[in-house]
Amino acid sequence: MQYEHVLVDRHGAVGVVTLNRPRVLNALSPALIAELTDALDGFDADPDVRAAVLTGGPRVFAAGADIGDMSERGPVEQLQRDQTGRWARIAAFTKPLIAAVNGYALGGGCELALMCDLIVAGDTARFGQPEINLGIIPGAGGTQRWPRTAGKYVAMEVALGGAPVTARRAYQLGLVNKVVPAEVTVEVAMELAERLAGQPPVAVRLAKESINQSLELPLAEGLAVERKNFYFLFATEDQKEGMRAFLEKRRAEFKGR
């Protein structure tokens, strides 16, 4: 499918979505988010796609929401069109989703990166929630995902102060997995995605589900989810293949069954 605001590509078992509104620094309009969620839904439904990379390209990830689109809207209108509620489909993507971030990831752009499972940041990357400077607060998860990742006090600094943090500080805070030279950000993210795409797909999906549930549930309930998923995997062909391959000292061939 051809889109206006995103570019979609596939490299083997890895799907790639590139935000493509360079003139407005990839501002996250409702139309762009609709196309992004549609593209990810397509990858989620495709059994030949086992991981995905989300990037804004070499210069900027996304500098925020489309302020021109929001500035004159009222609360009822925002509620009815559910601008940020529609983003839930991105967080619900069942396969590994890796953000490759260069330049600004601010406001909604930062929240979009935080919805991904792993983040590879170029050394030019800047992460932040500047909504406070516009008289609003983050509305797509910034006040929830920052404290869960970097802690309450960092979240307060970022959301109340509005200043971004560098890629290096984001790494120190545990917000990103790797910091690399900006010119190889997408390449490194692709290498990571290809490695994850070679893992057993059902086990990857349930590991991701278990970790995400750990952020929502008390420990005892989270352990119950983990046990259920662990036991279920013994019904898969991949579990049999993985253990046989280990015992036979060969590389496993996972089929996603």
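These questions and answers walk through parts of a predicted model.

Q: Is Phe230 buried, partly exposed or exposed?
A: Buried means under 20% relative accessible area, and exposed means over 50%. Phe230 has 48% relative accessibility. That value lies in between, so Phe230 counts as partly exposed.

Q: Which class does Phe234 fall into, buried or exposed or partly exposed?
A: The relative accessible area of Phe234 is 38%. The buried class is under 20% and the exposed class is over 50%. Phe234 is therefore partly exposed.

Q: What kind of aromatic pair do Phe230 and Phe234 form?
A: The structure holds two aromatic pairs. In the pair of Phe230 and Phe234, the ring centres lie 5.3 Å apart, and the planes make an angle of 75 degrees. Planes over 60 degrees apart count as edge-to-face, so this pair is edge-to-face.

Q: Which residues form one aromatic cluster?
A: Phe230 and Phe234 form an aromatic pair. The cluster also takes in a Tyr. Its members are Phe230, Tyr231 and Phe234.

Q: What span does helix H9 reach from its first C-alpha to its last?
A: H9 covers residues 185–197, which gives 13 residues. At 1.5 Å a residue, 18 Å is expected. The helix is close to that, reaching 18 Å.

Q: Which strands do the buried residues of H9 pack against?
A: The buried residues of H9 include Val188, Leu192 and Ala193. Residues three or four places apart point the same way in an α-helix, because it has 3.6 residues a turn. The buried residues of H9 pack against S1, S2, S3, S4, S6 and S9.

Q: Which residue in S6 is the bridge partner of Val101?
A: S4 joins S3 through four bridges, and the two run parallel. S4 also pairs with S6 in the parallel sense, again over four bridges. In S6, Val101 has as its bridge partner Ala121.

Q: Which strands are the edge strands of the open sheet?
A: Three strands form this sheet, in the order S5-S7-S8, with mixed pairing. S7 and S8 run antiparallel, joined by two bridges. An edge strand here pairs on one side only, and the two are S5 and S8.

Q: Which residue in S8 does Arg126 stand opposite?
A: Strand S7 spans residues 126–128. S7 runs antiparallel to S8. Arg126 stands opposite Thr166.

Methods: Residues are numbered from 1 along each chain as its sequence is written. This is a predicted model: local features need pLDDT of at least 70, side-chain atom pairs count only at pLDDT 80 or more; totals for chains, interfaces and linings use all residues. Side-chain values use heavy atoms; hydrogens and water are left out. Two strands pair if DSSP finds at least two bridges between them. Rings of Phe, Tyr and Trp (its six-membered ring) pair if their centres lie within 6.5 Å; planes under 30 degrees apart count as stacked, over 60 as edge-to-face and the rest as tilted. Buried means under 20% relative accessible area, exposed over 50%, partly exposed in between (1.4 Å probe, protein chains only). The expected span of a helix is 1.5 Å times one less than its number of residues. Contact means heavy atoms within 4.5 Å.
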